[in-house]
Amino acid sequence: MPYLIYQIEHFGKILSISGLAGNIISTGLSVLVPIWVTLNYEAVMRSFFIGSIILTVLYVILTFRLKPLPGAEEGDNHPQRARIGELFREPTGRTLLLSNFFRGLSMGVFQCITIIAAKLFEVTSSELSVMVTVTTIGAIVGNLIFSFISKPKYLAKEFTVISILYTLLFPLLFFMKNWYLFLAAFFFLQITYTLISVLVPTSVCLLIPYRTSGGYTSLRLMLTTGGTAIGGIVAGLILDHSNHTVTTLLLLVAAGLLQLLSGWIYATFLHRSKDSVS
């Protein structure tokens, strides 16, 4: 759908601004809802229920009112749907699918950071809940940063630099002996995680042709989710049998390197795409 309604060179900026707005709204609601509920629980829940219905109806209406860009539904922009075999025969899509599986494995370990924090520190539930706030703020900052740095010609460099930072920050968590230093490192890790999460779909729109984009996106998300599930299971098994040991450090290093490999693959194809255009 982005191919039809957006100028693709602006897609990354639009995606980051959308994520920024969503995170700000969710953060505001997470703070205000507990306060409102204490005032009048039934009235607040009823208003949220009605508000959700209204927002859903507005979303549907606005979606149907979207108009394609001039010429977007003509010629090569509106071809016959590609068969699934074509997705695997095309070398760029095939290699990038593997890259997304690597990213998913890294994400699986990332999702276990709260467990890692509990292993490294004797923290209370309220202290762990602070990580949720740090996660949201990091996502807001990451989206804000990308809205400024998003430029198609620099995507390859951005992918490389951010993946390197992610790879360095992940094992750094292990060496944070203080809880607040751990939170600080996690905050910057969350920023890089958010930047990569926006870089991936932005790059896909530039690298994958419209004809195969729908099928490719489905497979990409399937492999990313599958990798996340596998990574999470492996991380959980390792963390069950390690307690602030070298094994935990190796797990964090492996997660960082998997993302570095994924980012390198994306950066390579982005370089090739830029060279072919020039």
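Phe49, Ile50, Ile53, Ile54, Leu55, Val57, Leu58, Ile61 and Leu62 make a nonpolar surface patch of about 870 Å². Patches consist of residues with over 30% relative accessible area and no salt bridge, with like charges joined within 9 Å and nonpolar side chains (Val, Leu, Ile, Met, Phe, Trp, Tyr) within 5 Å. A salt bridge is a side-chain nitrogen of Lys or Arg within 4 Å of a carboxyl oxygen of Asp or Glu. Accessible areas follow the Shrake-Rupley method with a 1.4 Å probe, and for residues only the protein chains shown count as cover.

This is a predicted model: local features need pLDDT of at least 70, side-chain atom pairs count only at pLDDT 80 or more, and totals for chains, interfaces and linings use all residues. Residues are numbered from 1 along each chain as its sequence is written, and side-chain values use heavy atoms, leaving out hydrogens and water.

Leu55 sits in helix α3 (residues 41-64). It counts as exposed because its relative accessibility is 58%. The cut-offs are under 20% relative accessible area for buried and over 50% for exposed, with partly exposed in between (1.4 Å probe, protein chains only).

The protein chain has eleven helices and zero strands. Helices (H or I, at least four residues) and strands (E, at least two) are DSSP runs, numbered from the N terminus. Of the 278 residues, 39% count as buried. The chain exposes about 15,500 Å², with carbon and sulfur atoms supplying 69% of it.

Now take a buried site. Thr194 lies in helix α9 (residues 179-207). Thr194 counts as buried because its relative accessibility is 7%. Beyond its neighbours within four places in sequence, Thr194 contacts (heavy atoms within 4.5 Å) Gly138, Ala139, Gly142 and Asn143.

Gly138 belongs to helix α7 (residues 125-149). At 0% relative accessibility, Gly138 is buried too. Gly138 and Phe188 are 50 residues apart in sequence, yet their C-alpha atoms are 7.0 Å apart. Among contacts in the chain between residues at least 6 apart in sequence, 84% join residues at least 24 apart.

Another helix pair is α5 (residues 91-110) and α10 (residues 210-240). Their axes come within 6 Å and cross at roughly 35°. Axes are lines fitted to C-alpha atoms, for helices over the stretch in contact, with angles from 0 to 180 degrees between N-to-C directions. The contacts include Gly93, Leu96 and Leu97 in α5, and Tyr216, Leu219 and Arg220 in α10.
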